[in-house]
Amino acid sequence: MSPAETVSTDGPVLPSDLVGQYTIAQSYELTPRKCMAFAAGVHDYKACYFDDTRPEELVGHPGLAFAFQWNSHYTAGRPYDVRAPMWRHLLHAGSDVRYARPFRIGDQITCQGRTVRLRPIKPGLLWEQRYTMVDASGATVVELDHSAIVRNARLEGPPREIDESPPLPQPAGPVDEPLWTASVPIAPEAPHVYSECADIWNPIHTERAAALAAGLPDIVLHGTATLTIAARELIDREVDGDPRRLSRIAGQYRAMVFPGHPLTVRLLERRRLDDGSTAIFFDALNHEGQAAVKSGVLVSR
């Protein structure tokens, strides 16, 4: 996402005419190296990502959508500096990724975002962007909705919205006990490895001084890494380990995940949908039992 042009003493000021503006368009070649590096960054060692001797082509990791989104979030004509005060006000609130088809080795993916909503909420402003990823023929491969909370921010102008996300499947209701749980170790170096393998760098995830300056108690694991790791566990256990069947993954980012402490992924419900796909409802808890990913849903073909 792009920083605001002005910052008040209380917080940033974002103009409502940001809605409708596009980020730069960036193109990426999906090479075996890029495919393997991202998968290694989330310890996802399936043969479909790594075994380039098998008859079938390698598959690009679904989480690559986050790498393409991050590196396409600059807005032309606006200053960009992740160490600027604006970034201390930003909280990644959620992701909703919809896959028309899997990424494939050899794909030329062009990604561009657009701000689709900006409105006041109690903590500040809700800022939502939609990123579209197309292949060399112009066909849509992935659509990613990215939401952020800009703390203590003010809106200059009226709230604006130009598009909405497709409705997500909803669970039947609260559950007493999860269907299964998986405890996933998060190594002390996990944010550093993910930053380099995914090419997603924000110093609050790797530099303690930057994290403390942003008001955090320590460096924290990226929200997109947390969601991708949860998706890895769900695909392995619920989708026969086949990422090509993934059509949607969404979740809200809440509690922080600290390196060196485990993440607990919980399957809450699975349900067949009217179109024949399966909705898998889940959450992911940090080591203190707080929801790091809330209202998670994975849809498989």
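Which strand do six bridges join to E13? Please also describe the surroundings of E13.

Modeller: The model is a predicted one. Six bridges join E13 to strand E16, residues 291-300, and these two strands run antiparallel. One of the residue pairs can be named: Gln-252 has Lys-294 in E16 as its bridge partner.

E13 also pairs with strand E5, which covers residues 90-99. This pairing is antiparallel too and extends over five bridges. Here Val-97 is the residue that stands opposite Ile-249 of E13.

Next comes the question of burial. Strand E13 comprises residues 246-253, and seven of its eight residues are buried; the strand is therefore largely enclosed by the rest of the structure.

If neighbours within four places in sequence are left aside, Ile-249 is in contact with Ser-95, Asp-96, Val-97, Tyr-99, Leu-227, Ala-231, Phe-282, Val-297 and Leu-298. Among them is Val-97, the residue already described as standing opposite Ile-249. Ser-95, Asp-96, Val-97 and Tyr-99 are among these contacts, and strand E5 spans residues 90-99. Val-297 and Leu-298 are also among the contacts of Ile-249, while strand E16 spans residues 291-300.

Ile-249 also has a place in the largest nonpolar core, a set of 55 residues. Together with Phe-103, Met-133, Leu-263 and Leu-298, Ile-249 touches the most other members of that core. Helix H6, which runs over residues 223-238, gives the most to this core, namely seven residues. A second core, of 10 residues, is separate and includes Leu-14, Leu-90, Trp-127 and Ala-153.

Asp-135 is found in the loop between strand E8 (124-134) and strand E9 (140-151). Asp-135 counts as buried because its relative accessibility is 14%. Its side chain makes a polar contact, at 2.7 Å, with the side chain of Ser-137. Not counting residues up to four places away in sequence, Asp-135 touches Arg-101, Gln-108, Ile-109 and Val-141. Pro-203 belongs to the loop between helix H4 (190-198) and helix H5 (208-213). With a relative accessibility of 2%, Pro-203 likewise counts as buried.

To return to the strand of interest, E13 pairs with E5 and is joined to E16, and Ile-249 is among the residues that touch the most other members of the largest nonpolar core.

Conventions. Residues are numbered from 1 along each chain as its sequence is written. This is a predicted model: local features need pLDDT of at least 70, side-chain atom pairs count only at pLDDT 80 or more; totals for chains, interfaces and linings use all residues. Side-chain values use heavy atoms; hydrogens and water are left out. Helices (H or I, at least four residues) and strands (E, at least two) are DSSP runs, numbered from the N terminus. Buried means under 20% relative accessible area, exposed over 50%, partly exposed in between (1.4 Å probe, protein chains only). A polar contact is a pair of N or O atoms within 3.5 Å; within protein, one must be able to donate a hydrogen and the other to accept it, and residues adjacent in sequence count only if both atoms are side-chain atoms. Contact means heavy atoms within 4.5 Å. Two strands pair if DSSP finds at least two bridges between them. A nonpolar core is a set of buried Ala, Val, Leu, Ile, Met, Phe, Trp, Tyr and Cys residues joined through side-chain atoms within 4.5 Å.
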